[in-house]
Amino acid sequence: MQPTPDFDPAKLAKSLLRRSRQGALATLMAGSGDPYCSLVNLASHPDGSPILLISRLAVHTRNILADGRVSLMLDERAAGDPLEGARIMLSGRAEQAAANKDLLQRRYLSAHPSAEGFVSFKDFSFFLIRPTGTHLVAGFGRIIDLKPEQFLTDLTGAEDLLAAEEGAVEHMNADHRDAMNLYATKLLGGAAGDWRCTGCDPEGLDMQDGRTTLRLEFPERVTDGTGLRKMLVRLAGEARMKVDQSATD
């Protein structure tokens, strides 16, 4: 089935990866190879790859350690008929984190602050799913398979931004919650709330209020801290212009 001309599958798949906080994880039972499915919490790596924090006591973790092949179902949790919302089935291999654990922990705890209470338990470890492809379903005429390079974010040349991300997130949450609320309400059509930043990457900013998540996409790619600051100021200005326009209407 071919997608309709106005459909941007890569954009939608990227958004689902960034906004999803839970998903159905399918693994292969150790020994028998039978399919096994479980509900997991997740966050996203700067490139969009899913991050898991799972216990070795869980069946799905034992399965992954025996055979890393997995699939992950993510959906929009649309009101009404859930089959009317967009969803992706991502396939790949889950690997226990051997490097960048601080990055994975920081991004995971930003998405799931309650995990702070058990993240240090010895049986828990971070795993990163390395995608091999995804199947996107977003309605009639909107079904397509995508390759990783189509839905993951290229981090080439963005080393300065990644180094600045932690400080930028802390700064936004400490000093610019008003701007976060403007992004959510005026640029993204969200409801007013206690919006905070959970991460950023060359293509956008991730935002969260309780269990509600939004993705603020940048009109141009950003690769360093200076560029990020300029982009956020620019977007805040656009949001304030919308406020002024509403006041004069």
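Predicted model: local features only at pLDDT ≥ 70, side-chain atom pairs only at ≥ 80, totals over all residues.

Trainee: How many bridges join β1 and strand β5, and in which sense do they pair?

Mentor: β1 and β5 (residues 69-75) pair in the antiparallel sense, over three bridges. Leu-25 also has a bridge partner in β2, namely Ser-38. β1 is joined to β2 (residues 35-41) by seven bridges, and these two strands likewise run antiparallel.

Trainee: How many residues lie between β1 and β2, and what is the phi of Gly-31?

Mentor: The two strands form a hairpin with six residues between them. Gly-31, in the turn, has a positive phi of about 100°.

Trainee: Which residues of β1 form its covered face, and which its uncovered one?

Mentor: The general idea is that side chains in a regular strand alternate between the two faces of the sheet. In β1 (residues 22-28), the covered face consists of Gly-23, Leu-25 and Thr-27. The uncovered face consists of Gln-22, Ala-24, Ala-26 and Leu-28.

Trainee: Where does the pairing continue from β5, and how many bridges are there?

Mentor: β5 is joined to β6 by seven bridges, and the two run antiparallel. Within this pairing, Met-73 stands opposite Met-89 in β6.

Trainee: How many bridges pair β7 with strand β8?

Mentor: There are four, and the sense is antiparallel; β8 comprises residues 143-146. Val-137 stands opposite Ile-143 in β8. β7 and β8 form a hairpin with five residues between the strands, in which Gly-139 takes a positive phi near 115°.

Trainee: Is Asn-100 buried or exposed?

Mentor: The cut-off for exposed is over 50% relative accessible area. Asn-100 has 52%, and is therefore exposed.

Trainee: How should I read Ser-114: is it buried or exposed?

Mentor: Ser-114 is found in the loop between α3 and β7 (124-137). Its relative accessibility is 64%, so it counts as exposed. Ser-114 and Met-73 are 41 residues apart along the chain, and their C-alpha atoms are separated by 23 Å.

Trainee: Val-119 is found in the loop between α3 and β7. Is Val-119 buried or exposed?

Mentor: Buried means under 20% relative accessible area. Val-119 has a relative accessibility of 11%, and so it counts as buried. Leaving aside residues up to four places away in sequence, Val-119 touches Leu-53, Gln-105, Leu-109 and Phe-126. The C-alpha atoms of Val-119 and Tyr-108, eleven residues apart along the chain, are separated by 9.7 Å.

Trainee: What is the relative accessible area of Ala-158, and which residues does Ala-158 touch?

Mentor: Ala-158 has a relative accessible area of 0% and is therefore buried. Its place is in the loop between α4 (148-151) and α5 (159-175). Not counting residues up to four places away in sequence, Ala-158 touches Pro-202, Arg-221 and Thr-223. Ala-158 and Arg-221 are 63 residues apart in sequence, yet 9.6 Å apart in space, C-alpha to C-alpha.

Trainee: Turning to the whole chain, how many helices and strands are there?

Mentor: The protein chain has seven helices and eleven strands. Its C-alpha trace spans about 65 × 45 × 35 Å along the principal axes.

Trainee: What radius of gyration does the protein chain have, and what would a compact globule have?

Mentor: A compact globule of 249 residues would have a radius of gyration near 18 Å; the protein chain has 19 Å, which agrees. Buried residues make up 45% of the 249 residues. Among contacts between residues at least 6 apart in sequence, 63% join residues at least 24 apart.

Trainee: What remains to be read from the surface and the charges?

Mentor: The protein chain exposes about 12,600 Å², and carbon and sulfur atoms supply 52% of it. The chain has 29 positive and 34 negative charges, whose mean positions are 3 Å apart.

Definitions and conventions:
Residues numbered from 1 in each chain as written. Heavy atoms only, no water. Rg over C-alpha atoms; globule rule 2.2 N^0.38 Å. Buried < 20%, exposed > 50% of the residue type's maximum accessible area, 1.4 Å probe, protein only. Contact = heavy atoms within 4.5 Å. Areas by Shrake-Rupley, 256 points an atom, 1.4 Å probe, with all protein chains shown as cover. Lys, Arg positive; Asp, Glu negative; His and termini not counted. Charge placed at Lys NZ, Arg CZ, Asp CG, Glu CD. Pairing = 2+ DSSP bridges.
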